Protein chains: 2
Amino acid sequence: MKHNFGAGPGILPHEVLKQAAEAVVNFNGIGLSVLEISHRSSEFEAVLDEAVSLVKELFEVPAGYSVLFLQGGASTQFAMVPYNLLPETGKAAYVESGVWANKALKEAKYFGGVEVIATAKESNFTYIPKDFTVPSDAAYLHLTSNNTIYGTQLHEFPASPIPVVCDMSSDIFSRKVNVADFGIIYAGAQKNMGPAGVTLVIVKDDILGKADRKIPAMLNYQTQIEGGSMYNTPPVFAILVSMLTLRWLKAKGGVEAIEKENDAKAKALYAEIDRNPLFKGVCVPEDRSKMNVCFVVENPEHEKPFLKFCDEKGIVGIKGHRSVGGFRASIYNALPITSVHVLIDAMQEFAEKNK
Amino acid sequence: MKHNFGAGPGILPHEVLKQAAEAVVNFNGIGLSVLEISHRSSEFEAVLDEAVSLVKELFEVPAGYSVLFLQGGASTQFAMVPYNLLPETGKAAYVESGVWANKALKEAKYFGGVEVIATAKESNFTYIPKDFTVPSDAAYLHLTSNNTIYGTQLHEFPASPIPVVCDMSSDIFSRKVNVADFGIIYAGAQKNMGPAGVTLVIVKDDILGKADRKIPAMLNYQTQIEGGSMYNTPPVFAILVSMLTLRWLKAKGGVEAIEKENDAKAKALYAEIDRNPLFKGVCVPEDRSKMNVCFVVENPEHEKPFLKFCDEKGIVGIKGHRSVGGFRASIYNALPITSVHVLIDAMQEFAEKNK
C-alpha cells in the first residue's frame with residue numbers, strides 16, 4: 001500500500017483506476033478497448049457528453065460558458081489565451097505568483113503588451129501578491145490559483161473590472177469557485193482531475209472574437225467550441241479517466257464535500273508542521289496551499305533520513321521541488337485522509353527518534 | 001471476438017492492451033498506476049527513452065534528426081510546420097491529395113504564401129496527383145502519404161530539391177521509408193502506432209531556425225527538442241502505449257516484416273473486391289492504399305444488408321466515410337490477416353446469397 005503525495009501527475013481514486021484498466025481491455029462490454037474505438041462512436045460521444053455535463057454540474061457553470069477538453073496542457077493555454085484575447089496593440093495584466101505565472105506572461109509577450117501588476121519573485125514566491133490595482137484598459141487579468149512548487153494558494157480572488165483568466169491546474173475541483181467571476185478557467189488534468197494528456201478549459205463565449213487576429217484552427221477557442229472538443233481526434237482515454245474521476249467526485253458529494261475533506265487534511269498536516277520541532281513551513285501562513293504542503297527540516301541533516309524513513313512506510317512523492325528543497329506533500333482530492341495521518345505519524349515517530 | 005476494421009483510433013495489438021491495462025493498475029510492479037506517477041520519475045523516463053530509441057531503430061532514423069512525442073494531433077502540426085518553417089514573405093508547396101492535405105494548406109496560409117502545386121479535388125480525391133514540378137524557391141514541400149478517407153496512398157515519394165514535410169498519420173510504420181529523404185515526418189499515433197493523444201514528429205534539426213519569427217514555446221520544435229518532449233507534462237499513458245506497440249512491432253520483425261504482412265492483407269482483399277461481382281473499388285488501382293481499403297456495392301440496395309451481415313460476424317468499423325460512402329476496411333499493422341479472411345469469407349458468402 002503506497003501513500004502517493006506526488007505533485008503531479010498525481011494520485012487518482014483507486015476505483016477509477018480499476019474502471020480505466022477494464023476499459024483498456026473491454027470498454028463497456030463491447031468487446032473492444034476504449035483505445036481502439038472511433039471518437040465518433042456513440043460509446044465515446046457518451047463519455048465526452050457526460051464529462052462536459054459533470055463539469056457543468058460540479059462547478060455550477062452558468063449559461064454562456066463553453067466547456068472544452070483540449071490537448072497540450074496549461075503550457076499551451078499560456079499561448080492560446082493571448083492568441084485569442086490579446087490584441088497586438090493592447091495589453092494584458094499578469095500577477096506573477098510563481099514559475100508557471102512567469103511562463104504564462106512570457107508567452108503573452110509574443111502577442112501583445114504585458115503588464116506585470118504584482119510579483120512575489122523577490123521572496124522566491126513564498127506569498128501571494130495581493131497589493132495591486134487591476135488596469136481597466138487591459139484585455140484581461142491573468143491569475144494562477146495555486147502554486148504547486150511553492151505551496152501557496154489564492155484563497156480569495158480579487159475583484160476585477162476586466163475578464164479574469166485563471167490557471168487552476170493544481171486546485172481545480174478542490175474547492176468551490178464562482179465560475180461567473182471568470183472569463184476563462186483552464187487546468188491541466190493531471191493533478192486533481194485525471195491523467196496527463198488533457199486540459200480542461202471553461203470559457204465565457206462572449207469574450208472571444210475581439211483580438212482581431214487570424215488564429216490557427218487548433219488554437220482557436222471558437223473552432224474548438226464549434227467542434228465540441230472534436231475538431232480533431234481528442235485524447236480519448238484521458239477524457240474517459242477524467243470523466244470517471246468527476247463521476248467519483250460527484251458520488252462523494254461534489255465539490256462542497258471534497259472541500260471539507262481537503263480542509264481537514266490540510267489543517268491536520270499544517271498543525272503537525274507547526275507543532276513538531278523538527279519541521280517548519282515554507283510559506284506565509286495566510287497563503288498556505290491546501291493542495292501542496294511545502295515544509296523543510298530545521299536541521300538539514302535530517303532531510304535524507306526522513307525521506308528514507310517515509311519511503312519505508314510507503315510514503316512516496318514527498319521530495320520538494322528542486323527550487324525550494326525540503327518536502328512537498330501534495331494532498332489532492334483523491335488522497336485519503338488516512339494517508340495524511342500516516343505521514344503525520346511518521347513525522348511524530350521520526351521526531352521521537354531524533355530528539 | 002471482434003474484427004476491428006475501424007479507421008482510427010484503430011486496432012491495437014491484444015498483448016499491448018493487456019500490458020497497458022496492467023500498467024493502469026500497477027505499473028512495473030511499483031504499486032502505483034502509470035497514470036499517477038511523475039513524468040520525471042525514472043520509471044517514465046525509461047518509457048520515453050525506449051519509445052524514442054524504438055522509433056530510431058525501426059525507422060533507421062539517421063543522425064541529425066530529433067524524435068518528438070507531442071500533443072495536439074496532426075491538426076496541430078498543420079499549424080506548427082508553417083509556424084516553424086514558412087517565412088512570412090516566403091511560400092510553401094502543397095500537394096492536395098485529400099481533405100487532410102487541404103486542412104494542412106489552409107493552416108499554412110496564416111503564416112505565409114501557399115502554392116498548391118497539384119490537386120485531385122475535381123475527382124473527389126480518387127487518385128494521387130503526381131504531375132507536378134516542385135518549386136525550388138519554396139520553403140518546403142508538404143505531402144500526405146496516405147488518405148484515410150479515400151483509400152489512396154503515395155507509393156513512391158517524389159524527388160524534391162526542398163525539404164519534404166510528410167503527414168504519415170495513417171501509414172506510419174506500415175512500410176519502409178527512407179527518413180533521410182524528409183525534413184519532417186509527423187503522425188497522429190491513433191492509427192498505426194498507439195492511442196489517440198500523442199503525435200510522433202521526426203524532424204531534421206538543420207531545417208529549423210530559418211523562418212525568422214517568434215514562436216510560442218509549445219509550438220516551437222526547438223523548445224520541444226531541448227526539452228526532450230518534456231518541456232511540459234507529456235501525455236504519459238499515450239506514450240507508454242505507443243512504446244509498447246513499437247516494442248510489439250520490433251518483436252514481429254520490424255517494419256520490413258510488417259510490410260510483407262500488410263502487402264499480403266491488401267492483396268487478398270483487393271483481389272476479392274475485383275473478383276466479386278457485388279463489389280467494386282473506389283480509387284484508381286495504382287494508387288490504392290494498403291491501409292484503408294475503400295469499396296462500394298454495385299447495387300445500392302445491398303449496402304445496409306451487407307453491413308448487418310458483417311456485424312453479425314463480429315466485423316466492425318467498415319462503414320465508409322460519409323464523403324465517400326460504401327465501405328472502408330482499415331487494415332492497420334495490428335489487424336491480423338485472419339480478420340481479413342473473415343471479411344473476404346463474408347463477402348463471398350454474401351455474394352452467394354445475393355446472386
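In this predicted model, Trp100(A) touches Ser75(A), Phe78(A), Ile149(A) and Asp167(A), residues up to four places away in sequence being left out of the list; contact here means heavy atoms within 4.5 Å. Trp100(A) sits in helix H4 of chain A, which runs over residues 99-108. Helices (H or I, at least four residues) and strands (E, at least two) are DSSP runs, numbered from the N terminus. With a relative accessible area of 29%, Trp100(A) is partly exposed; buried means under 20% relative accessible area, exposed over 50%, and partly exposed in between, with a 1.4 Å probe and protein chains only.

Residues are numbered from 1 along each chain as its sequence is written, and chains are lettered from A and ligands numbered from 1 in the order in which they are written. Local features need pLDDT of at least 70, side-chain atom pairs count only at pLDDT 80 or more, totals for chains, interfaces and linings use all residues, and side-chain values use heavy atoms, with hydrogens and water left out.

Under "binding site", an unreviewed UniProt entry lists Ala74(A), Ser75(A), Trp100(A), Thr148(A), Asp167(A), Gln190(A), Asn232(A) and Thr233(A). UniProt positions are given in the numbering used here, feature names are shortened, and annotations may be inferred rather than shown by experiment. The listed residues span 160 residues in sequence and their farthest two C-alpha atoms are 31.0 Å apart, so they do not all gather at one spot.

Thr233(A) counts as buried, at 16% relative accessibility. Neighbours within four places in sequence aside, its contacts are His39(A) and Gln71(A), together with Pro9(B), Gln190(B) and Ala196(B) of the other chain. Thr76(A), placed in helix H3 (residues 73-85) of chain A, is likewise in contact with chain B: Thr76(A) touches Met218(B) as well as Gln71(A) and Leu219(A), not counting residues up to four places away in sequence. Its relative accessibility is 11%, which counts as buried.

These contacts lead on to the interface as a whole. There, 51 residues of chain B are in contact with 51 residues of chain A. The two chains bury about 3,900 Å² between them, 64% of it on carbon and sulfur atoms; buried area is the accessible area (1.4 Å probe) that two parts lose on being put together, summed over both. On the chain B side, Pro9(B), Leu35(B) and Glu36(B) lose the most area to chain A, together 16% of what that side buries.

How are the two copies arranged? A rotation of 180° with 0.0 Å of shift along its axis superposes chain B on chain A, with an RMSD of 0.0 Å. The copies are thus related as by a two-fold rotation axis. In chain B, the C-alpha nearest this axis belongs to Ala21(B), at 2.2 Å from it. Both copies use the same surface, as 100% of the contact residues of chain B recur in chain A. The superposition is by least squares on the C-alpha atoms of residues with pLDDT of at least 70 in both copies.

Within chain B, helix H2 (residues 42-58) has 17 residues and reaches 24 Å from its first C-alpha to its last, close to the 24 Å expected at 1.5 Å a residue; the expected span is 1.5 Å times one less than the number of residues. Its buried residues are Phe44(B), Val47(B), Leu48(B), Ala51(B), Val52(B), Leu54(B), Val55(B) and Leu58(B). They cover an arc of only 160° around the axis, which puts them on the same side of H2(B); the arc is that of the directions from the helix axis to the C-beta atoms. Their cover includes strand S2 (65-70), strand S10 (199-204), helix H6 (236-251) and helix H7 (254-275) of chain B. The face turned away from the buried side carries the exposed residues Ser42(B) and Asp49(B).

Some backbone details complete the picture. The peptide bond from Gly8(A) to Pro9(A) is cis, with omega near -10°, and a cis bond also joins Gly8(B) and Pro9(B), where omega is about -5°. Phe173(A) is not a glycine, yet has a positive phi of about 65°. This residue is in the loop between strand S8 (164-167) and strand S9 (184-188) of chain A, and is buried, with a relative accessible area of 1%.
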